[in-house]
Amino acid sequence: MSAFYDSIGISYAELRKPDSRIAKAIEQALGAAKVILNVGAGTGSYEPADRQLTAVEPSLEMIRQRRPSAPRAIQASADDLPFEDRSFEASMAILTIHHWPDKAAGLREMRRVTRGPIVLLTFDPSHRPWLTDYLPQLATLEEAHSPQMSDYERWLGHVQISPLLVPHDCTDGFLHAYWRRPSAYLEARIRSGSWSFRAIGDTAEAGLSKLARDLDTGEWQRRYSELLALEEYDAGYRLVISP
């Protein structure tokens, strides 16, 4: 997976700009913790700037795209964290767990090195955002790679799970960020910021063609008219907190 991100991560920092509203929700979940570990840190999205932070990331390409002012990232995997027990006051993993080869081991490692809250932003694979009506293979992909919500309690003990609603003008170009801007999915550049589109490859062509036709005819607007009045959307993203 790190090699996969070495190839797709070339424009990642440009397309995946942290959204301030999502950042606020993550920082609130971290509470008063000052010494934080970010696992699967990527280019550094959502890392609080006013705390002592250590980043772990397996992909060299993602590490290269971190800001010069960002904390130095250690190249390592979630399932083998190079830290002593209870080294951090809190830890975080943002839109990364679906990439981990051994998710249970990675979360056990996070719990081992963290004496306070673990904050995860992840996706509920049972959820079906409208994009999966056109690209059902995205749902199949999530089911194959994203843990069920019940898995987190099995691996971490008691957890708090709440929806993280996506703003209509979200600045972070993750998969379902463009829920009220459907024409964005027709742009190859936009799709290049999403691992999911790379994973389903050419199988997306038929669904994207249908989306283009429906946008041209107004069928999409008729079918999903209620979305056009929403400021936020439950696209299936979940904030999972292990106290």
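Seven strands are arranged as an open sheet of mixed pairing, in the order S3-S2-S1-S4-S5-S9-S6. Strand S3 (73-74) and strand S6 (160-163) stand at the edges with a single partner strand each, so one side of each has no neighbour in the sheet. Strands are DSSP runs of E of at least two residues, helices are runs of H or I of at least four residues, and both are numbered from the N terminus; two strands are taken to pair if DSSP finds at least two bridges between them. The model is a predicted one, in which local features need pLDDT of at least 70 and side-chain atom pairs count only at pLDDT 80 or more, whereas totals for chains, interfaces and linings use all residues. Residues are numbered from 1 along each chain as its sequence is written, and side-chain values use heavy atoms, with hydrogens and water left out.

The chain contains 12 helices and nine strands. Its radius of gyration is 18 Å, close to the 18 Å that the globule rule gives for 243 residues, so the chain is as compact as a globular protein of that length. The radius is taken over C-alpha atoms, and the rule is 2.2 Å times the number of residues to the power 0.38. The C-alpha trace spans about 60 × 35 × 30 Å along its principal axes. Of the 243 residues, 56% count as buried, that is, under 20% relative accessible area with a 1.4 Å probe and protein chains only. Among contacts (heavy atoms within 4.5 Å) between residues at least 6 apart in sequence, 69% join residues at least 24 apart.

On one pairing, S4 runs parallel to S1, to which three bridges join it; alanine 90 is the bridge partner of isoleucine 36. S4 also pairs with S5 in the parallel sense, over four bridges, and here isoleucine 94 has leucine 121 as its bridge partner. An antiparallel pairing of four bridges links S6 with strand S9 (residues 237-242), and in S9 leucine 239 is the bridge partner of serine 162.

Several helices pack against these strands. H8 packs on the sheet and touches S5, S6 and S9, its direction making about 155° with that of S5. Helix H3 (residues 20-30) lies across S1, S4, S5 and S9 and runs at about 150° to S4. These angles lie between N-to-C directions on a scale from 0 to 180 degrees, with axes as lines fitted to C-alpha atoms, for helices over the stretch in contact.

Serine 59 is located in the loop between strand S2 (52-56) and helix H4 (60-64). Its relative accessibility is 0%, and serine 59 therefore counts as buried. The side chain of serine 59 reaches the backbone nitrogen of glutamate 61 at 3.4 Å.

Technical notes: Buried < 20%, exposed > 50% of the residue type's maximum accessible area, 1.4 Å probe, protein only. Polar contact = N/O pair within 3.5 Å; in protein donor to acceptor, adjacent residues only side chain to side chain.
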